[in-house]
Structure formats: C-alpha cells, structure tokens
Amino acid sequence: MLIGEIAKRTGASIKAIRLYESLGLLGLVERSNRYRVYTAAHLQQVLLIRRARQLGFKLAELQDWLGVPGRELAGAELMTQLEGRRADIQRQMAHLQQQDQLLQLVIAEVSDCTGTQAEINRAVCVSDKA
C-alpha cells in the first residue's frame with residue numbers, strides 16, 4: 001500500500017509516517033519507482049507507535065523498543081519499562097479515585113446546605129446571612 005493508504009488506515013499523518021521511517025521505526029520500506037510501498041507489518045508498526053505515543057512514550061524510547069540498530073533493548077528491559085509505566089498509571093488512577101470520593105463528599109455536604117435541607121441541617125450549614 002502507498003503512504004496515503006497507510007495514513008488513512010492508521011490515522012497518522014503522512015509527515016509522521018515519513019518521520020517514523022527516517023528514525024528507523026518502520027524498518028526497511030521498499031520502493032516501487034519513486035513510491036514507498038508499505039506492508040501489513042508496517043501498518044501494525046504504525047498502529048503500535050501511535051498507541052505508545054498516546055501513552056506518553058517518546059519516539060526515542062520507541063527506537064529502543066523497535067530494534068533500531070544500536071538502540072535495541074533486551075526483552076526483559078523492555079518489559080520492565082512497560083510494567084513501570086503501567087504501575088505509574090495505576091498510581092494515578094488510585095489518586096484520581098480518592099479525589100473523586102472526596103469530591104462526592106463535598107457535593108453531598110453542599111447539597112445538604114441548599115434548599116429545604118438547609119433548615120434541617122442548620123448546625124452544619126453556617127451562613128453569614130443572619
């Protein structure tokens with residue numbers, strides 16, 4: 001497939017695909033006349049790159065992952081790196097869940113101090129409007 005087709009199928013721009021190729025992230029891309037010809041493997045590689053970028057990985061890190069000559073990581077190193085990123089995300093999610101629980105409490109407290117509930121909860125709902 002030509003570059004326009006791979007761009008359409010992956011959502012990557014033509015400029016990004018050319019960058020990935022220039023960085024060695026796609027391996028060898030054959031040419032027919034003056035046109036780059038991409039394979040199903042290249043398509044999968046671009047999709048992987050896009051997913052990794054959405055997770056915050058840098059292109060330089062991807063060069064280590066994808067076996068760019070002189071930059072390849074050992075399998076164990078790569079898995080350690082990926083699991084570390086996953087642990088970071090899980091910590092962030094736990095923090096956000098705690099924040100959500102606190103926000104729910106604040107919403108409940110503010111809700112108790114509005115409308116007819118304010119009369120019932122006068123001891124809790126202090127107002128300067130006396």
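## L62 and its neighbours

Let's start at L62, whose contacts beyond four places in sequence are L25, I49, A52, R53 and F57. Keep in mind that the model is predicted. L62 is also among the residues with the most contacts inside the largest nonpolar core, together with I17, Y20, L26 and I49.

That core has 21 residues. The largest share, four residues, is supplied by α3. As background, nonpolar side chains in soluble globular proteins tend to be buried together.

## Helix α3

Helix α3 runs over residues 40-54. With 15 residues, α3 reaches 21 Å from its first C-alpha to its last, close to the 21 Å expected at 1.5 Å a residue. Just after this helix, G56 adopts a positive phi of about 100°.

Which residues of α3 are buried? They are H42, L43, V46, I49 and A52.

## A buried histidine

H42 deserves a visit of its own. This residue lies in α3, and it counts as buried because its relative accessibility is 7%, below the 20% cut-off. Leaving out residues up to four places away in sequence, H42 touches I6, L26, L28, V29 and V37. One of these, L26, is also among the residues with the most contacts inside the largest nonpolar core.

## Around F57

As for aromatic pairs, the structure holds zero.

## The chain as a whole

Stepping back, the chain contains six helices and two strands. Their order along the sequence is α-α-β-β-α-α-α-α.

How much of the chain counts as buried? The figure is 23% of its 130 residues. Among contacts in the chain with a separation of 6 or more, 44% join residues 24 or more positions apart. The chain exposes about 9,500 Å², and carbon and sulfur atoms supply 55% of that area.

Definitions and conventions:
Residues are numbered from 1 along each chain as its sequence is written. This is a predicted model: local features need pLDDT of at least 70, side-chain atom pairs count only at pLDDT 80 or more; totals for chains, interfaces and linings use all residues. Side-chain values use heavy atoms; hydrogens and water are left out. Buried means under 20% relative accessible area, exposed over 50%, partly exposed in between (1.4 Å probe, protein chains only). Contact means heavy atoms within 4.5 Å. A nonpolar core is a set of buried Ala, Val, Leu, Ile, Met, Phe, Trp, Tyr and Cys residues joined through side-chain atoms within 4.5 Å. The expected span of a helix is 1.5 Å times one less than its number of residues. Rings of Phe, Tyr and Trp (its six-membered ring) pair if their centres lie within 6.5 Å; planes under 30 degrees apart count as stacked, over 60 as edge-to-face and the rest as tilted. Accessible areas come from the Shrake-Rupley method with a 1.4 Å probe; for residues, only the protein chains shown count as cover.
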